[in-house]
Amino acid sequence: MRKSLLAIAGLACLIGSSGLFLADDRPTVGSKVLESGWKVAAKSVFTGQYGCASDPTVLKRDGKYRMYYTGLDPETARTVLCLAESVDGQKWSEVATNKRLKGLVLQGRVGDWDENLESGFVVQVGDEYRLYYSGYRDVGDPAKGFPAALGMATSRDGVKFT
């Protein structure tokens with residue numbers, strides 16, 4: 001049962017994932033240029049450690065980019081919020097926040113309204129990071145994720161959220 005839930009959650013994450021676009025007003029051969037002047041990268045720039053990365057929010061701080069994204073916890077088949085860093089905005093690495101699940105910054109609470117987390121959006125207000133997210137109860141299938149609600153977690157370092 002857990003493997004089938006994991007497969008369903010992974011598939012839903014792949015279907016629902018959004019691409020990362022890079023701005024450039026000079027089209028190049030092999031890239032699809034959109035009418036707005038944006039071009040789609042020739043291949044994905046980040047897949048997450050379990051092939052599930054969606055709903056990115058990117059902040060630039062101290063010469064690095066931080067990307068907060070929806071990831072997957074394979075042990076529970078639940079969606080979680082993770083963090084990766086990059087110096088160029090194209091090559092990403094998970095931040096070592098958790099021994100079992102790299103990049104993990106926030107996970108849901110079992111049996112509560114926010115068992116699954118997704119669609120995180122981060123803003124920095126002064127010296128505080130605010131991570132807004134969508135949460136829902138059903139395990140592993142965002143299509144069943146209703147009713148959903150919005151939550152907010154805070155952090156001083158952008159890594160450890162409460």
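Guide: What follows is a close look at strand E4 and its surroundings. The model is predicted. Strand E4 covers residues 64-73.

Start with the salt bridges. The structure holds 10 of them. One joins the side chains of Arg66 and Glu85, at 3.4 Å from N to O. Arg66 sits in strand E4 and Glu85 in strand E5, residues 78-86, so this pair links distant parts of the chain, 19 residues apart. Arg66 is buried, at 13% relative accessible area. Glu85 is partly exposed, at 22%. Lys64 joins Arg66 and Glu85 in a network of salt bridges.

Next, Asp73. Its side chain meets that of Arg100 in a salt bridge of 2.8 Å, N to O. Asp73 lies in strand E4, and Arg100 lies in the loop between strands E6 and E7, so the pair ties together parts 27 residues apart in sequence. Asp73 is buried, at 2% relative accessibility. Arg100 is partly exposed, at 35%. Arg100 also forms a salt bridge with Glu75, at 3.7 Å. Glu75 is in the loop between E4 and E5.

The search finds one cavity of 30 Å³ or more. Strand E4 gives the largest share of the lining, three residues. The lining includes Tyr69, Gly71 and Leu72, along with Cys52 and Cys82. By class, the lining has six nonpolar, three polar and no charged residues.

Cys82 is buried, at 3% relative accessible area.

Key
Residues are numbered from 1 along each chain as its sequence is written. This is a predicted model: local features need pLDDT of at least 70, side-chain atom pairs count only at pLDDT 80 or more; totals for chains, interfaces and linings use all residues. Side-chain values use heavy atoms; hydrogens and water are left out. On a 1 Å grid over the protein atoms alone, a cavity is a set of points where a 1.4 Å probe fits but cannot get out, and a pocket is an open set with protein on both sides within 12 Å along at least five of seven lines; lining residues have an atom within 4 Å of a point. Grid points are joined across faces, edges and corners, and a volume is the space filled by probe spheres set on the points. Helices (H or I, at least four residues) and strands (E, at least two) are DSSP runs, numbered from the N terminus. Ala, Val, Leu, Ile, Met, Phe, Trp, Tyr, Cys and Pro count as nonpolar, Asp, Glu, Lys and Arg as charged, and the others, Gly among them, as polar. Buried means under 20% relative accessible area, exposed over 50%, partly exposed in between (1.4 Å probe, protein chains only). A salt bridge is a side-chain nitrogen of Lys or Arg within 4 Å of a carboxyl oxygen of Asp or Glu.
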